[in-house]
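Student: Before we discuss any assignment, could you show me the model, so that each term can be set against its definition?

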Amino acid sequence: MIQLNSICKSFEGRTVLEDINFLFDNGKTNLIIGQSGSGKTVLMKCIVGLLTPECGEILYDGRNLLDMGKREKKALRREMGMIFQSAALFDSLSVLENVMFPLDMFSNDTYRDRVKRAQFCLDRVNLIDAQSKYPGEISGGMQKRVAIARAIALQPKYLFCDEPNSGLDPKTSLVIDDLIHDITKEYNMTTIINTHDMNSVMGIGESILYIYQGHKEWEGTKDEVFNATNERLNNFIFASDLLQKVKKEENSKARKV
Amino acid sequence: MIKPVTNLGKYLMLMGRVFSRPERFRMYFKQYLNEMVQLGINSIGIVLLISFFIGAVICIQIKLNIESPWMPRFVVGYTTREILLLEFSSSIMCLILAGKVGSNIASEIGTMRVTQQIDALEIMGVNSASYLILPKILGLMTMIPFLVIFSIFAGVIGAFCTAWFAGIMNATDLEYGLQYCFVEWYIWCSFIKSLFFAFIIASVSAYFGYTVEGGSIAVGKASTDSVVSSSVLILFSDLILTQLLMG
């Protein structure tokens, strides 16, 4: 699990994150949601160590990231997997080589075992047939799935996903969401997903942190989010006409009952 | 004044990260071989082409401009050789490579930065600066002496072609001039200078690429800045190195 204690971060005097406290449980898909510019990505970058917060603690199973030396940080990073918004696959490497990269870098297994492991991960995301292709030759959804395979190659304890559904059609988004959810359960990982996709919120939001202008506005689960009374959260969640209609129908059904 | 000093500080800090112990030697060696091909072997064509024509042009220009009954006929060959050895094949060739290789390095690393590939390496626990930049520096420094040799040979062949095919001068006189008072140290000077220039091209271009912030426009700007900065640094260090090695 990952615990955030009073995280704050500012850029050139402008506060971006203020007193964020939250516990991301393991074996659950934890979502950070919020409008564009609310500070989700900055928070994610602070959690993974790409940015250093000015105050607070980030505890990885009790180990404070901000107190760690270089070696400890490196060791911790080997327990992390990350799926970037743009997939961030290495263009010059084939799909198989991309998945093998962390294994080549850090595993002491033989070449044959590394290939086997990479192929197993690709098979897990149903992309074994694309192993010899290059990132430029596959679709955006497939790139995301390769990124998932690469992220789980070293069997990480913590999985981070920065807007994994951006640029994908709703059907492919569901496939990616289900994959992340299933993998989280399979490996009992602490998964944190940064998103503003409402399908993800309703589908896999086992634990949700809503950020509004840099501070924690609301926390709960996907079941609670639908009936939440927080006005800012409701404005964000039910911004689309479709979801507003669904909510109205649900409310009218509840009244009839 | 503050910006160049800040850049110098950032550059030195980046170099500190670049020259740290590799995580997995095997992976770095693979990258090193790739970079030798990409930066060195793939530059042979342009080096040969430019050197051939410049060698021929130098020969023609000298023949036309210093022709005099008082001047020995071998002077054309002698001067052509000295220009090729001392300046063209090391300094001018590296200025050309700063354009080709430097912009390639800056745009490649810059694109990796904006598409979050560098972040992906960092998250994995890989020292991205060292993994991406060190093989490029070593690869170019390994290949540059060979490029200098190719450049010298192509230049000399270009000069001979003016004698053989254009009939501008006697090939025997040219050959005598090329061999006249040959100083082996000049070859070493070319190699030493080119090694410094290779380091400048690879490291400065990588710095501009690695520190890109923004999108495609920033990558383009980094690419241009890298060529301008490495060219200026090559010219400046050429001045110092020439004084140190020849003075």
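**Pairing, packing and contact**

Tutor: Strand β3 (residues 28–33) of chain A and strand β9 (residues 207–212) of chain A pair in the parallel sense over four bridges. This is a predicted model, in which local features need pLDDT of at least 70 and side-chain atom pairs count only at pLDDT 80 or more, while totals for chains, interfaces and linings use all residues. Residues are numbered from 1 along each chain as its sequence is written, and chains are lettered from A and ligands numbered from 1 in the order in which they are written.

Student: What makes β3(A) and β9(A) a pair?

Tutor: Two strands (DSSP runs of E, at least two residues, numbered from the N terminus) pair if DSSP finds at least two bridges between them. β3(A) and β9(A) have four bridges, and A:L31 has A:I208 in β9(A) as its bridge partner.

Student: In which sense does β9(A) pair with strand β10 (residues 215–220) of chain A?

Tutor: β9(A) and β10(A) pair in the antiparallel sense, over five bridges, and A:Y210 is bridged to A:W218 in β10(A). Their hairpin has two residues between the strands, and A:Q213 takes a positive phi near 45° there.

Student: Why is chain A called as compact as a globular protein of its length?

Tutor: The radius of gyration, taken over C-alpha atoms, is set against the globule rule, 2.2 Å times the number of residues to the power 0.38. For 257 residues the rule gives 18 Å, and chain A has 19 Å, which is close, so chain A is as compact as a globular protein of that length. Its secondary structure comes to ten helices and ten strands, and buried residues make up 40% of the chain, where buried means that 20 or more other C-beta atoms, placed from the backbone, lie within 10 Å of the residue's own.

Student: How many residues does each chain bring to the contact?

Tutor: Chain B brings 13 residues and chain A 14 residues, with residues counted as in contact if their C-beta atoms, placed from the backbone, lie within 7 Å.

Notes
Two residues are in contact if their C-beta atoms, placed from the backbone, lie within 7 Å. A residue is buried if 20 or more other C-beta atoms lie within 10 Å of its own, exposed if 12 or fewer, and partly exposed in between; C-beta atoms are placed from the backbone.
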